[in-house]
Amino acid sequence: MEFKDNIPIYLQIEQYLYRQIALGKMKAGEKIPSVRKLALELTVNVNTVQRALQQMNDQGILYTKRGEGNFVTEDTELLAKTKQTLIDNELDEFVQNMEKLGVKKENLITILEKYLKKCEG
Amino acid sequence: MTSFNTLFNRMFQEKSRTVYLIYLIQAFASLCFSVWMIISMKGDPNVMVINGHHEVTNHLISYLLIFGVMMFITSFFANFVYWIISSIKNEKINRSQTWRLIPISDTKFLLSNFGTAFISYLWLMILEGITVAVTCLPVLTVNEVRKNLADFFSRSQQLGTQDWWGLLGALVLVILLGYAWYAIVSLINLSSRSIMEFLPNGSSKFIMFIVRVVIILAIIWLLSKATTVVFGAIGNFIPFLADGNNDLQMSGTLVAFLLFDVVVTLIDILLLNKFVEAKQN
Amino acid sequence: MNDLLTVKDLTYRKNQKTILKDANLNLSSGKIVALLGENGAGKTTLMRIIAGVAKNYKGEVNLEGTTKEAARKAKLSFTDGLTGFSDSTKIKDVVKFYATIFQDFDENEFDELRKFMKLDNDMKLSQLSRGMREKLIIALTFARKADLYLLDEPFGGIDAMARKKIINSIILWKDEKATILISDHFVNEISSLLDEVVIVKDHTILEHKSADDIRQNHETIEEYYESFYADEDDE
C-alpha cells in the first residue's frame, strides 16, 4: 500500500483501519489481522503498526484480549462516532477544495443538487 | 563464535582442494613422461641390469617403477609450485572480507592460516610419497634388487642413536623452516599493506608499485640483518653452543629458529590486528 | 532502553584523508534504520568499522556490551560480496561454508529465503546476474540469527518489483529484537519501513532522527535528506 511519506505512517495506518471498520470490512467484535500480517500487507514496519494499534486501543476503537490479539470494539456508539468523523473529514476536504475552485459555501448545496440530478439522468 | 578447530578444518578443506589438483596434474604429467620414456626406450624395459646380473621381471613392475620415478622427479617441481601457490592463497585469505568477517580472534585466524598451509603442503608430500612407495614397492620382488638393498642397509647400521637424534632434529628444523617461510611471506605482505594504508592515495600506480618493491626489499634486508643479530646474540650468550658438541649446537639452532618463528608470528598478528584491513567488497 | 550499538567519538583516517571524525551513534534494538549520505561520505566505512573489517580507528564501538572484534562479528551479520569464493562455487557450497562457520546460521531459513528469491542451489556464482547475486547475499545475511544486520547498498542491481518482494521478506524474517541498518540510495522504496534515519555528512554523523518525527513536520524522508544539501545548490 502506498503511504504518503510526509505524514507519520502510524497515523495513516490508523486512518486506513478506521476506514476498514467504517466500511464494514472489519465488523464490531471481530478480530483484526495480526500485527505481523498487517505489516506485511501494508509493507510497513511492525513497530509502526504496533504504534497505530496502541493509539486505537487508547481511543477504545480496538481492545486487546490477552493471547488472542486485537478486536474491534462492540461499542456501536463509538463506532458510529468514528464513522461520522471520517465523513466529516471528507466533507471538510470537499468544502475546502470547492472553495479553492471558487465555489462559495452558499452555492454549494445548489451545485451539488444539480450534479446529483445529472448523475441520475 | 567460531572455534579454532572449525576454522582450521574449513581452511584445510579449501587448501587441500588445490593439493589434489596439483597432485592430479603431477600424476598425469608423470604418466605422460612414463609413456614417452617407455616408447623411446630401446630394448626391453623388463630386463634390468643390476650389478652385472640380468634380471627379467614382468612389464608391469617396470612400468610402475618408471611411473614412480617420474612422480619422484616431478614432485620437486610440483612441490615448488604448491609452495608458491599456497603462500599466495594465504595472503589472499588474510585480506578477504569473507574470511575476515568470521567471528574469531586475529591470533587464531593467522595461526590457522599458517597451520593449514603448512599441513596441506605436508599432505601433498605424503600423497606423493605414498604413490612413489606403492609404485616402487613391487620391484622388491626382484631378488637382485632385494639383495642390493639388504647390503645397503647392513652398511647403514653404522648409524648410532646419536644420528637418529640428529635426524629428528633435522626433521624439527625442517618443520620450523617450513612454518617460517609462510610467516615471512605474511610479514612482507602485511607490513607493506600496513604502510600503504598511510600513504596518500592520489599517487599514480607506478609510484605505488615502486613503493611496494622498496618496502619488500627493506623487509628482506631487515630480516637478514635481524637473523644475523639474533644468531650472533645467542652465540654470545651461550658460548658453548659454538663448540663442536653436535647435540647442543643442534638444540641451539632449533631454539633460535623457534624464537624466530614466534617473533615473526607475533609481529604478523600485531599487523593483522591493528592495521591490515579486509579488501573492500 | 538498553542501547544495542554505541559508537563513541569515532575518528578514522585512511591514506592521509579523514573519512570520519568524532562520529557518535546510538542504536536501540528492534529498529529499522536508514543510513543516508552521498557516495564517499563514509557509510560503507562506518559499517566496516562496526563489523570489524576496517582497522586503526580512534574511539569506541560497543555492540551489546562488548568492544572486542571477534565477539562483535558473532553478533552481527554484514552483507558480504562473496569475493572469498571462486566463481565456480555453487550456491550450496557457499551455504555449507556459512553453516559450518556461523553457529547461528539457519539452513532452513536460508532455503525459504532462497526459494522466495527464486535461486537454484546448484547455480554457480559466475552464472548469477548482479541482481541475483544481491538477492543471494541478502538471503545469506538474513539466514543468520543476528542482533544487528548491516546492509550495505543491498538493492543496487535489483529491479523495483524484486525490491518490493525483498522488503516484504525483510519484514517477515526480521526478529522483533533485531535492528537493521541499511545504507542505500533508493530511499523511497524503503521509506515506509523506516523507524529512524541517520545522516552521514561532513565526515561525521550529522543527524539521527525518528522517521515519524520527520513526517510530523510534513516532510518526506527524501525532502529531509535533501535539505542538508540545499545550500550547496545555491552557490
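## Terms and basis

A polar contact is a pair of N or O atoms within 3.5 Å; within protein, one of the two must be able to donate a hydrogen and the other to accept it, and residues adjacent in sequence count only if both atoms are side-chain atoms. Between chain A and chain C, nine residue pairs are in polar contact, with both residues at pLDDT 80 or more.

This is a predicted model, in which local features need pLDDT of at least 70 and side-chain atom pairs count only at pLDDT 80 or more, while totals for chains, interfaces and linings use all residues. Residues are numbered from 1 along each chain as its sequence is written, chains are lettered from A and ligands numbered from 1 in the order in which they are written, and side-chain values use heavy atoms, with hydrogens and water left out.

## Where chain A meets chain C

In this contact (heavy atoms within 4.5 Å), 17 residues come from chain A and 23 residues from chain C. The buried area is the accessible area (1.4 Å probe) that two parts lose on being put together, summed over both. For chain A and chain C this area is about 1700 Å², and carbon and sulfur atoms give 46% of it. A:D5, A:L40 and A:T43 supply 34% of the area that chain A buries against chain C, more than any other three residues.

A salt bridge is a side-chain nitrogen of Lys or Arg within 4 Å of a carboxyl oxygen of Asp or Glu. By this rule, two salt bridges cross the interface of chain A and chain C. One salt bridge links C:D212 with A:R51, whose closest N and O atoms are 3.5 Å apart. Helices (H or I, at least four residues) and strands (E, at least two) are DSSP runs, numbered from the N terminus. On the side of chain A that touches chain C, α1 (9–22), α2 (35–42) and α3 (46–59) of chain A each supply at least two residues. The most comes from α3(A), with four residues. Sorted by class, this side of chain A has eight nonpolar, five polar and four charged residues. In this sorting, Ala, Val, Leu, Ile, Met, Phe, Trp, Tyr, Cys and Pro count as nonpolar, Asp, Glu, Lys and Arg as charged, and the others, Gly among them, as polar.

## Where chain C meets chain B

Here 31 residues of chain C are in contact with 32 residues of chain B. The two chains bury about 2700 Å² between them, with 51% of it on carbon and sulfur atoms. In chain C, the residues that lose the most area to chain B are C:N15, C:K55 and C:I101, together 23% of what that side buries.

Between chain C and chain B, 20 residue pairs are in polar contact, both residues being at pLDDT 80 or more. On the side of chain C that touches chain B, at least two residues each come from β1 (3–14), α1 (43–51), α2 (69–75) and α3 (91–101) of chain C. By class, that side has 14 nonpolar, ten polar and seven charged residues.

## Salt bridges at B:E277

Side chains of opposite charge can pair when their charged atoms come close. Four salt bridges are found across the interface of chain C and chain B. In one of them, the side chains of B:E277 and C:K14 meet at 3.2 Å, N to O. B:E277 lies in the segment after α8 (246–274) of chain B and C:K14 in strand β1 of chain C, so this pair joins two chains.

B:E277 counts as buried (under 20% relative accessible area; over 50% is exposed, and in between is partly exposed; 1.4 Å probe, protein chains only), because its relative accessibility is 3%. C:K14, at 26%, counts as partly exposed. C:R48 lies in helix α1 of chain C, so its pair with B:E277 also joins two chains. In that salt bridge the closest N and O atoms are 3.4 Å apart. C:R48 is buried, with a relative accessible area of 4%.

## Salt bridges elsewhere

Over all chains, the structure holds 24 salt bridges. In one, the side chains of C:D122 and C:K92 meet at 2.8 Å, N to O. C:D122 lies in the loop between α4 (107–116) and α5 (130–142) of chain C and C:K92 in helix α3 of chain C, so the pair ties together parts that are 30 residues apart in sequence. C:D122 is partly exposed at 40% relative accessibility, and C:K92 is partly exposed at 37%. Salt bridges that share partners also join A:D5, A:R51, C:D212 and C:R215 into one network.
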